[in-house]
Amino acid sequence: MVWLFQRQRFGVHPGLSRVRALLARLGNPQGRFEAVLVGGTNGKGSVAATLSAMLTASGRRTALFTSPHLTRFAERFLIDGAELPVESVLSALKRVRPHAEALEASFFEIVTALGCLLFAEAGTEMAVMEVGLGGRLDATNALEPLLSVLTNVGLDHTAILGDTLSAIAGEKAGILRAGRPAVTGIERALLPILEATGAAVWVMGRDATLQADSLGWDGWQIRLSVPGAALSFQTPLLGRHGAENAALAALAALRLGLPEAAIRAGAAQTRWPGRLELLPFGSARRVLLDGAHNPDGARALGEALRGLGIGRVPFVFGATREKDIEGVIRALEPLMSEVILTRSAHSPRAADPADLAHLFSVPVRLSDGPSQALSLLPEGLSVACGSLYLVGEVRALLLGEAGENWERWQ
């Protein structure tokens with residue numbers, strides 16, 4: 001495992017030739033199951049988790065591939081909602097390593113191929129694969145999806161994907177396949193880019209309509225209408241964007257032919273840790289965890305808090321240096337009574353809290369790490385957000401779990 005995590009330092013290398021060669025050396029395990037690719041700037045993880053739960057509820061042996069992990073590397077590889085044994089993951093990685101070294105494969109290429117090998121050997125029927133970065137040249141795009149999902153497009157990873165929404169949409173549309181079904185929540189102005197792929201695209205708001213009624217902290221009651229049919233179900237996902245993501249997953253499930261009972265059961269059973277997840281902290285404190293690592297995600301978090309009737313509360317905040325930190329702060333600061341700035345203990349990409357203090361107009365306190373940050377929280381509700389690496393470390397502390405000690409770059 002040390003070897004694999006050291007590969008993170010070599011960065012991201014978009015392209016499909018290495019991962020295809022690696023998969024070929026492993027016997028093309030991705031050909032032994034069907035796949036769905038889920039991409040987008042925000043929401044792709046919760047859509048993937050919801051769709052995976054629906055597939056499992058339908059009786060299919062279903063795998064879920066996501067990134068990054070919060071606390072344990074094995075979180076990236078779920079079968080019917082459960083992590084694979086660490087021993088199985090390590091055994092498979094040993095077999096992947098010599099081929100990956102020969103090809104000089106990147107960290108994410110190795111992890112993608114590892115996931116395919118694990119899923120094939122576990123007898124997976126369908127794998128829901130969350131795209132890592134972009135789409136067209138992402139390692140997951142080496143698979144041939146039965147269906148593709150593109151949640152939305154926002155300005156993120158602009159140095160790699162382009163600095164306009166059209167350019168980013170073009171990269172993300174690369175996961176669609178001509179003649180195959182796709183579903184999306186993308187804004188209408190960008191839809192021609194998706195339709196140019198030749199995929200059979202269904203668009204939320206055009207081909208399907210959503211009515212969502214808040215259940216407060218219990219989530220949403222959703223009514224999804226498509227031509228000739230309507231489906232009602234509940235999701236525990238919080239925030240209006242949680243309802244929209246659950247509905248998009250349900251639309252994908254309908255296009256895959258899943259029965260309504262499985263869609264309802266899977267939606268109700270969905271869990272997506274670290275994203276608007278409320279956890280207790282001692283007897284008198286509660287912490288709401290969320291990634292909110294870009295401005296769109298921060299605005300969604302802010303809308304969710306307002307929808308839950310939450311006024312100004314303390315925040316624990318930390319971010320990675322390359323993100324639009326000021327944009328995130330602008331979206332969240334109206335909800336902050338104070339901010340405790342900290343940083344992920346294991347991410348070299350983390351911004352120094354002292355460098356962020358001048359960006360806030362609310363009271364600021366600095367902390368040496370997640371543990372000290374939590375100790376400074378008052379009684380009542382607080383929010384911890386800004387970086388999934390930080391959220392993973394905070395979550396482990398709240399649950400009393402042992403975290404990993406690897407450096408986190410990806």
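Student: Which residues do ring pairs link into a cluster in this structure?

Tutor: In this predicted model, ring pairs link Phe5, Phe33, Phe65, Phe73, Phe77, Phe107, Phe108, Phe119 and Trp406 into a cluster.

Student: How many aromatic pairs does a search of the whole structure find?

Tutor: The search finds nine aromatic pairs. One of them joins phenylalanine 5 and tryptophan 406, with 5.2 Å from centre to centre and 20° between the planes. Planes under 30 degrees apart count as stacked, and this pair is stacked.

Student: Which parts of the chain does the pair of phenylalanine 5 and tryptophan 406 tie together?

Tutor: Phenylalanine 5 belongs to helix 1 (residues 2-6), while tryptophan 406 belongs to the segment after helix 15 (388-399), so the pair ties together parts that are 401 residues apart in sequence.

Student: Are phenylalanine 5 and tryptophan 406 buried, partly exposed or exposed?

Tutor: The term buried applies under 20% relative accessible area, exposed applies over 50%, and partly exposed lies in between. Phenylalanine 5 has 5% relative accessibility, so this residue counts as buried. Tryptophan 406 has 26%, so this residue counts as partly exposed.

Student: Why is the pair of phenylalanine 73 and phenylalanine 77 edge-to-face?

Tutor: Planes over 60 degrees apart count as edge-to-face. The pair of phenylalanine 73 and phenylalanine 77 is edge-to-face because the planes stand at 75°, with the ring centres 5.4 Å apart. Both phenylalanine 73 and phenylalanine 77 are buried.

Student: Which residue lies over the face of tryptophan 217?

Tutor: A ring may also have a charged group over its face. Here, arginine 286 lies over the face of tryptophan 217, at 5.9 Å from the ring centre.

Student: What is the bridge partner of arginine 286 in strand 17?

Tutor: The partner is leucine 381. Strand 13 (residues 285-289) and strand 17 (residues 380-385) run parallel and are joined by five bridges.

Student: What is the order of the strands in the open sheet of six strands?

Tutor: The order is 12-13-17-14-15-16, and the pairing is mixed. Strand 12 (277-281) and strand 16 (364-366) are the edge strands, each of which pairs on one side only. On average, neighbouring strands of this sheet are turned by 25° against each other, direction ignored.

Student: Which strands does helix 15 lie across?

Tutor: Helix 15 lies across strand 12, strand 13, strand 14 (313-317) and strand 17, and runs at about 45° to strand 12.

Student: Where is leucine 147 found, and which residues does leucine 147 touch?

Tutor: Leucine 147 is found in strand 6 (residues 147-150). At 0% relative accessibility, leucine 147 counts as buried. Not counting residues up to four places away in sequence, leucine 147 touches Ala35, Val36, Leu37, Pro181, Ala252, Arg255 and Leu256.

Student: Is lysine 172 buried or exposed?

Tutor: Lysine 172, which lies in helix 7 (residues 165-172), is buried, with a relative accessible area of 4%. Leaving aside neighbours within four places in sequence, the contacts of lysine 172 include Gly40, Thr41, Leu150 and Asn152.

Technical notes:
Residues numbered from 1 in each chain as written. Predicted model: local features only at pLDDT ≥ 70, side-chain atom pairs only at ≥ 80, totals over all residues. Heavy atoms only, no water. Phe/Tyr/Trp six-rings, centres within 6.5 Å; stacked < 30°, edge-to-face > 60°. Helix = DSSP H or I, 4+ residues; strand = E, 2+ residues; numbered from the N terminus. Buried < 20%, exposed > 50% of the residue type's maximum accessible area, 1.4 Å probe, protein only. Lys NZ or Arg CZ within 6 Å of the ring centre and 35° of its normal. Pairing = 2+ DSSP bridges. Axes fitted to C-alpha atoms, helices over the stretch in contact; angles between N-to-C directions. Contact = heavy atoms within 4.5 Å.
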